[in-house]
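Open the model in your viewer and keep the selection tool at hand. The stops below say what to select next and what is there.

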Amino acid sequence: MNSLLLAFQFFTVVPIQKSLPMEKRHITGMYSFFPWIGAVIGSIACLPIYFDWSSLMTAFAVVSLGILLSGGLHMDGFIDTSDAYFSYREQAKRMEILDDPRVGAFGVMATVLLILGKIIIISEVLSAESFHFLFIIIIPFLSRVVLVILFGITENAKESGLAHFFKQKLHVQTIIPLTTSFLFIAICLIGLMTYWLIAMTLLSVLILFICIYRSWSLKNFGGITGDLLGASLELTEVILWITLLLLLS
């Protein structure tokens, strides 16, 4: 129960006003619940599809709910990562920019493009004849699965910060197999409820993204940070929606 409460406390806007233990088993448990937090957020984000709204308005509501319910935590990481990467500075300077609380022009531009692009892409998917409500639930789930796997298999870029603290408390040998099993459960569910072509394509895209993003993080930042993990979640969701758009068109 403490692990579940930790997951809601750190990864959502749910006000858990309680001091919770953060030993190794609690942090490992927190990350095991993290994908399911995404499924809960996705389930709530499904509600707008039952209103008689245009696909564009529905997509706006879906994206807005995703941001609001997560407290903008991962979007903040995307902003900082964009500022750091597009500064085209050396690695040490990029790390300084990641730690800078100020928002730069690159972060603003990248975020506007991300949100607008996401709304437009989801709007198109919603209009597709083969659209299934499961997509809205499963994409936040899968994006968090990717984040946990990346966190587990990639060394930290710095020896400070919340990500470093959590990594020290994380039992990687437990969380990676468990999260991988979640991934295959989700893929099987997609295959059974929609089409196996969609399921296997999404799985291939996710595996490719994990490999590329891990390599990119090591090359440009020397490892992973909380901001980079947040950015990975946002990018995973966009890439999955684009993949669905191409498959359903």
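Predicted model: local features only at pLDDT ≥ 70, side-chain atom pairs only at ≥ 80, totals over all residues.

Select serine 123 and show what surrounds it: leaving out residues up to four places away in sequence, serine 123 touches Ser55, Leu56 and Ala59, where contact means heavy atoms within 4.5 Å. Serine 123 sits in helix H6, residues 105-127; helices here are DSSP runs of H or I with at least four residues, strands are runs of E with at least two, and both are numbered from the N terminus. Serine 123 counts as buried because its relative accessibility is 7%; buried means under 20% relative accessible area, exposed over 50%, and partly exposed in between, with a 1.4 Å probe and protein chains only.

Residues are numbered from 1 along each chain as its sequence is written, and side-chain values use heavy atoms, with hydrogens and water left out.

Zoom out to the whole protein. How many helices and strands are there in the protein? There are 11 helices and zero strands. The radius of gyration is 18 Å, close to the 18 Å from the globule rule for 249 residues, so the protein is as compact as a globular protein of that length. That radius is taken over C-alpha atoms, and the rule is 2.2 Å times the number of residues to the power 0.38. Along the principal axes, the C-alpha atoms fill a box of roughly 50 × 40 × 35 Å. Of the 249 residues, 51% are buried. Taking contacts between residues at least 6 apart in sequence, 75% join residues at least 24 apart.

Next, select phenylalanine 78 in helix H4. Is phenylalanine 78 buried or exposed? Its relative accessibility is 8%, so phenylalanine 78 counts as buried. Apart from neighbours within four places in sequence, phenylalanine 78 is in contact with Ala110, Thr111, Leu114, Asp227, Gly230, Ala231, Glu234 and Leu235. Leucine 229 is 151 residues from phenylalanine 78 in sequence, yet their C-alpha atoms are 8.5 Å apart.

Stay in helix H4, which covers residues 73-85, and move to tyrosine 85. Tyrosine 85 has a relative accessible area of 23%, so this residue is partly exposed. Setting aside neighbours within four places in sequence, tyrosine 85 is in contact with Arg94, Trp216, Asn220 and Phe221. For asparagine 220, the separation from tyrosine 85 is 135 residues in sequence and 7.7 Å in space, C-alpha to C-alpha.

Now go to alanine 186, in helix H9 (residues 172-193). Alanine 186 has 2% relative accessibility and therefore counts as buried. Not counting residues up to four places away in sequence, alanine 186 touches Ile138, Phe141 and Leu142. Select glutamine 168 as well: it is 18 residues from alanine 186 in sequence and 28 Å away in space, C-alpha to C-alpha.

Leucine 142 is the next selection. With residues up to four places away left out, leucine 142 touches Leu183, Ala186, Ile190, Leu206 and Leu240.

The last stop is the largest nonpolar core. Which of its 77 residues touch the most other members? They are Tyr31, Leu142, Ile190 and Trp241. Helix H7, residues 134-153, supplies the largest share of this core, 15 residues. A nonpolar core is a set of buried Ala, Val, Leu, Ile, Met, Phe, Trp, Tyr and Cys residues joined through side-chain atoms within 4.5 Å. In soluble globular proteins, nonpolar side chains tend to be buried together.
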